[in-house]
Amino acid sequence: MSTQSPPITTEVEIVSVAEQAPIDRPDVPIPLRKISADEILSVVGALLGSFCLVWVLFDYVLPFGGGLGFIVSWYFAFLALYAGITGLSHPRPVVIDRVMGAVFIGMGLLVGFVLVTVVVYTTLQGRDVLPHWNFFTQPASAGSLRGPYNKGGISNIIMGSLIQVSIAVGISFPLGIGTAVFMTEVGGAFSRVVRTVVEAMTALPDLLAGLFVYAVLILKFHGHRNGFAVSVALAVTMTPIVARSAEVALRVVPGGLREAGQALGASNWQTVRRIVLPTATPGLVTALILSIARGIGESAPLLIVSGFTTFANYNPVDGQPMNSLPLYIFECLKSGEPREIARGFAAAVVLLFIVFFLFAITRFLARQKVTTR
Amino acid sequence: MAGSAESGISPDQPITIRATLPWADRVFRRGVSGVAGLVLALFGSIGLFLAYQSIPTFNRYGLSFLTRANWDPELDKVGISSTLLGTFEVAVIALMIAFPVALGTALFISEYSPARIRSLLISLVDLMAAVPSVIYGAWGFFLLMPHAKLVSRWISLYLGWIPIFRVNGDPSSATWAQSRFVNSAFIAGICVSLMIIPIACSVMRGVFAQAPLGEREAAYALGSTRWGMVHTVVLPFGRGGIIGGTMLGLGRALGETIAVLFIISLNFNINFRILQSGFSTISALIANDFGESTKPQLAALFTAGLVLFIITLAVNTGAAVLIGRSRSGAATEI
């Protein structure tokens with residue numbers, strides 16, 4: 001027990017206990033936050049031991065191969081050795097504690113590793129295309145998708161994405177914020193229904209939004225597969241996201257502020273407009289940016305309501321299709337042509353960059369909020 | 001500004017107070033509930049429109065639409081039973097992978113990670129949820145599939161006596177048929193699991209973080225190890241969140257389109273062998289066939305969409321109820 005550092009999170013006075021019950025050990029304060037040499041050495045020993053064991057097994061004994069199998073086997077051998085080493089000098093609860101800790105840390109590392117490989121692999125595959133500046137400045141129709149990299153780009157594709165997402169934000173943001181205000185400020189039995197439906201709709205398959213828009217805008221009203229149809233489909237998928245994250249932002253506004261406003265004679269509307277919404281602004285902006293990040297990468301509805309084209313078209317409501325990043329990436333990657341695939345990956349890097357950039361803004365805003373409070 | 005004394009004739013009479021909202025408030029409340037109602041109507045109309053579009057299908061094929069396996073609009077034989085099976089196979093495989101990983105990652109972030117980097121880890125998981133699915137699909141197709149093929153072969157070699165892991169042909173032969181192991185439900189499941197891990201993880205972590213501090217410290221005060229504390233306080237407290245997050249992930253997995261579309265080679269056999277090439281899911285079927293469909297085929301695809309809508313709505317509503325319940329109650333007040 002004493003060798004294990006008790007992970008108590010708050011400062012606890014442990015002096016008075018020693019006075020009441022005299023222990024035969026000398027009065028040494030337990031180091032609360034120090035990691036003992038035993039802990040470090042058993043981890044290192046288990047890591048090295050399992051590596052060597054698996055190495056020998058893989059190279060000389062067993063008939064399997066492959067880097068993936070090696071790492072998996074290494075991890076399990078490590079867990080076994082770690083349990084064994086700890087078991088030599090510690091009781092069972094400590095063994096279980098350490099093994100479970102190693103399992104959870106392993107899971108965390110696995111997820112982090114996957115995220116890193118996704119980003120690194122995408123970037124590596126697109127590295128031949130990205131240095132060509134024309135990739136960002138020329139429309140896709142300026143060169144063949146299968147042609148050399150110094151002709152043609154994705155400027156019209158990026159613009160298409162931006163136009164579609166802007167319209168989608170214009171539709172979904174008022175709807176989402178209005179719903180969130182209704183859920184937090186008005187309340188009642190109906191708001192519980194709305195909340196349940198909104199939460200369920202957050203995970204509605206995005207493809208169905210595409211089907212819905214196709215059925216309504218294109219089949220019913222004889223529309224075309226144009227940019228506006230895409231925007232509406234995106235808005236359908238973004239609205240519940242905006243509503244949910246805006247609701248979270250509104251809910252953390254202290255109730256005391258609302259009551260103070262109403263005690264001063266402000267009406268419900270005045271309280272919301274002058275107190276609640278300004279207080280929640282950083283959270284609402286975060287909600288907005290998160291929904292943009294989701295919307296710009298949304299790809300499933302595009303397969304149904306958007307048409308693929310390499311030609312620039314910046315008018316969302318005429319009868320012509322308007323391409324966007326996710327669809328361009330998908331079509332390029334599925335083509336099987338090496339150059340087209342490379343272009344697809346380069347566009348994927350651009351998309352990833354946009355999403356990461358939007359995310360960085362939300363982090364920045366969140367930090368601002370903490371420091372000003 | 002409510003209340004007006006109508007007639008102050010008799011001082012003994014209690015004043016009737018007529019509480020009226022100011023007009024600005026009435027407009028505000030009407031407006032906001034109108035917006036909420038509109039959103040509700042929008043989502044309701046998704047189901048209604050899908051149902052309306054699929055009336056011709058049910059008139060034509062009846063219940064055989066649900067029981068028939070093959071999808072041959074040219075032969076006028078259309079059914080989605082094999083597709084439903086594939087949808088659930090992919091979702092279950094994704095869940096089998098995502099559940100332990102999401103749970104472990106959530107526990108790692110909320111209980112084991114150093115407090116200094118915790119907020120960074122949380123936003124990394126959120127970031128992972130925001131990575132577009134087309135990028136996960138590309139990752140799965142170009143990077144994962146060549147590796148997963150070997151894993152599939154290994155499993156079928158050593159665990160092939162279990163029927164679902166069997167693959168046609170002899171996996172131990174010197175030149176094994178690689179094409180039998182690609183495009184399988186197993187690989188699609190791995191790919192989809194990547195997308196639902198961050199979703200499930202962030203729900204679980206949110207609930208774990210709310211486990212009462214008093215009970216945590218009580219466990220430590222009784223001499224518990226960290227795992228003992230997690231096992232007796234955090235996990236029981238977060239049970240609703242664990243189930244809810246998993247079901248939310250299941251809902252996503254059932255409807256995932258792009259990632260599956262990368263892996264899939266559409267095939268309408270009833271295929272229980274998850275390692276073997278050839279399966280189909282509802283969303284992949286719709287996305288794949290939508291472009292080149294005639295009118296009756298479109299109606300059939302809308303019906304497939306309706307089935308998917310009903311399934312995911314049931315799963316997601318269940319998840320929402322469970323998460324809501326775990327958030328509001330079950331906590332002991334200290």
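1. Two residues are taken to be in contact if their C-beta atoms, placed from the backbone, lie within 7 Å. On that basis, 75 residues of chain A are in contact with 71 residues of chain B. The model is a predicted one, in which local features need pLDDT of at least 70 and side-chain atom pairs count only at pLDDT 80 or more, while totals for chains, interfaces and linings use all residues. Residues are numbered from 1 along each chain as its sequence is written, and chains are lettered from A and ligands numbered from 1 in the order in which they are written.

2. On the side of chain A that touches chain B, helix H4 (residues 92-125) of chain A gives the most, with 19 residues. Helices here are DSSP runs of H or I with at least four residues, and strands are runs of E with at least two, numbered from the N terminus. This side of chain A consists of 56 nonpolar, 14 polar and 5 charged residues. Ala, Val, Leu, Ile, Met, Phe, Trp, Tyr, Cys and Pro count as nonpolar, Asp, Glu, Lys and Arg as charged, and the others, Gly among them, as polar.

3. Chain A has 15 helices and 0 strands. Of its contacts with a separation of 6 or more, 70% join residues 24 or more positions apart.

4. Between the chains, helix H11 (residues 268-279) of chain A packs with helix H1 (residues 23-53) of chain B. Asn268(A), Trp269(A) and Val272(A) in H11(A) meet Ala24(B), Asp25(B) and Phe28(B) in H1(B). By class, this contact has 4 nonpolar, 1 polar and 1 charged residues.

Methods:
Axes fitted to C-alpha atoms, helices over the stretch in contact; angles between N-to-C directions.
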